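Here's a friendly walk through a protein model for anyone meeting it for the first time. Have a look at the picture, then read on.

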Amino acid sequence: MTMKHASGSNPMPNHDSRPDDCALCQEEGGELLWRDAFCRVVLVDDADYPGFCRVILNAHHSEMTDLPLAARHCLMATVYAVEQVLRDHLQPAKINLASFGNVVPHLHWHVIPRYADDRHFPNPVWGSAMRDQHAATRPALQRDVLKAALTQALAQGILDARRQCPVP
Ligand SMILES: [Zn+2]
């Protein structure tokens with residue numbers, strides 16, 4: 001097993017490396033909602049945060065600046081598409097976008113619908129809990145509806161930036 005350290009000066013870094021110890025190279029990383037050759041969108045199994053999605057680059061790279069500019073734009077365009085679908089369908093008070101990769105250094109963005117009565121609000125979902133559980137006033141997540149909306153938003157290329165995503 002070799003860990004790849006892509007050079008920032010390499011316009012198209014090698015994508016052959018799939019480290020054995022990288023969870024996002026070995027598994028989907030959640031319930032698959034959508035994928036293409038470039039990236040995938042998964043639903044995170046978290047009862048406190050229905051609709052919590054991750055946008056995961058398929059290739060193993062750890063930093064946004066490891067990617068060519070077009071690929072960075074493409075990944076973010078996917079994040080924005082997911083954000084819009086979650087806003088349209090779940091009407092959250094706020095969307096949180098986050099990218100850490102401290103534990104799994106494989107590029108992925110968290111897209112998290114937040115509500116004023118959710119478990120951690122106004123803290124990050126990884127911060128200190130503010131209440132035992134959310135008030136459960138929201139309707140149950142309709143996974144099939146979410147999946148169909150994401151498929152429509154992403155596959156039909158409503159965002160020009162997503163039409164030609166270079167596979168890094
Ligand atoms: Zn990986």
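What follows goes from the overall layout to the sheet, then the helices, and ends with a few individual residues.

**The overall layout**

Keep in mind that this is a predicted model. The protein has 3 helices and 5 strands. Of its 168 residues, 30% count as buried. If you take the contacts with a separation of 6 or more, 55% of them come from residues 24 or more positions apart.

**The sheet**

The 5 strands come together in an open sheet, and their order across it is β1-β2-β3-β5-β4, with antiparallel pairing. At the edges you'll find β1 (31-35) and β4 (94-98); each has a single partner strand, so one side of each has no neighbour in the sheet. From one strand to the next, the twist averages 20°. Helix α3 (residues 143-155) packs on the sheet, where it touches β1 and β2 (39-43), and its direction makes about 20° with that of β1.

| Strand pair | Sense | Bridges |
|---|---|---|
| β1 and β2 | antiparallel | 4 bridges |
| β2 and β3 | antiparallel | 5 bridges |
| β3 and β5 | antiparallel | 4 bridges |
| β5 and β4 | antiparallel | 5 bridges |

Let's start with β1 and β2, which form a hairpin with 3 residues between them. Arginine 35 has arginine 40 in β2 as its bridge partner. Arginine 40 also has a bridge partner in β3, namely isoleucine 56.

Strand β3 covers residues 53-57, while β5 covers residues 108-114. Which residue in β5 does cysteine 53 stand opposite? The residue is valine 111. Leucine 97 stands opposite valine 111 too. Another facing pair is isoleucine 95 and proline 113, the latter in β5. How many of the 7 residues of β5 are buried? The count is 6, so this strand is largely enclosed by the rest of the structure.

**Two helices side by side**

Helix α2 (residues 69-90) packs against α3 at an angle of about 140°, and their axes are 10 Å apart. That angle makes α2 oblique to α3. The crossing of α2 past α3 is right-handed. On the α2 side, the contact is made by Thr78, Ala81, Val82, Gln84, Val85 and His89; on the α3 side, by Val145, Leu146, Ala149, Leu150, Ala153 and Leu154. Sorted by type, the residues of this contact come out as 9 nonpolar, 3 polar and no charged.

**A buried histidine**

Histidine 108 sits in strand β5. Is histidine 108 buried or exposed? It has 22 other C-beta atoms within 10 Å and is therefore buried, since 20 or more is what that takes. Setting aside neighbours within four places in sequence, histidine 108 is in contact with Leu24, Gly29, Arg54, Val55, Ile56, Leu57, Ser99 and Gly101. Asparagine 58 lies 50 residues from histidine 108 in sequence, yet C-alpha to C-alpha the two are 9.2 Å apart in space.

Most peptide bonds are trans, and most residues other than glycine have a negative phi. With that in mind, here are two spots to look at.

One is the cis peptide bond that joins phenylalanine 121 and proline 122, with omega at about 5°. Proline 122 lies in the loop between β5 and α3.

The other is glutamine 91, a residue other than glycine with a positive phi, near 45°. You'll find glutamine 91 in the loop between α2 and β4. This residue is exposed, because 10 other C-beta atoms lie within 10 Å of its own and 12 or fewer counts as exposed.

Technical notes: Residues numbered from 1 in each chain as written. Predicted model: local features only at pLDDT ≥ 70, side-chain atom pairs only at ≥ 80, totals over all residues. Pairing = 2+ DSSP bridges. Axes fitted to C-alpha atoms, helices over the stretch in contact; angles between N-to-C directions. Contact = placed C-beta atoms within 7 Å. Parallel < 35°, antiparallel > 145°, perpendicular 65-115°, else oblique. Left-handed = near helix turned anticlockwise from the far one by under 90°. Nonpolar A, V, L, I, M, F, W, Y, C, P; charged D, E, K, R; others polar.
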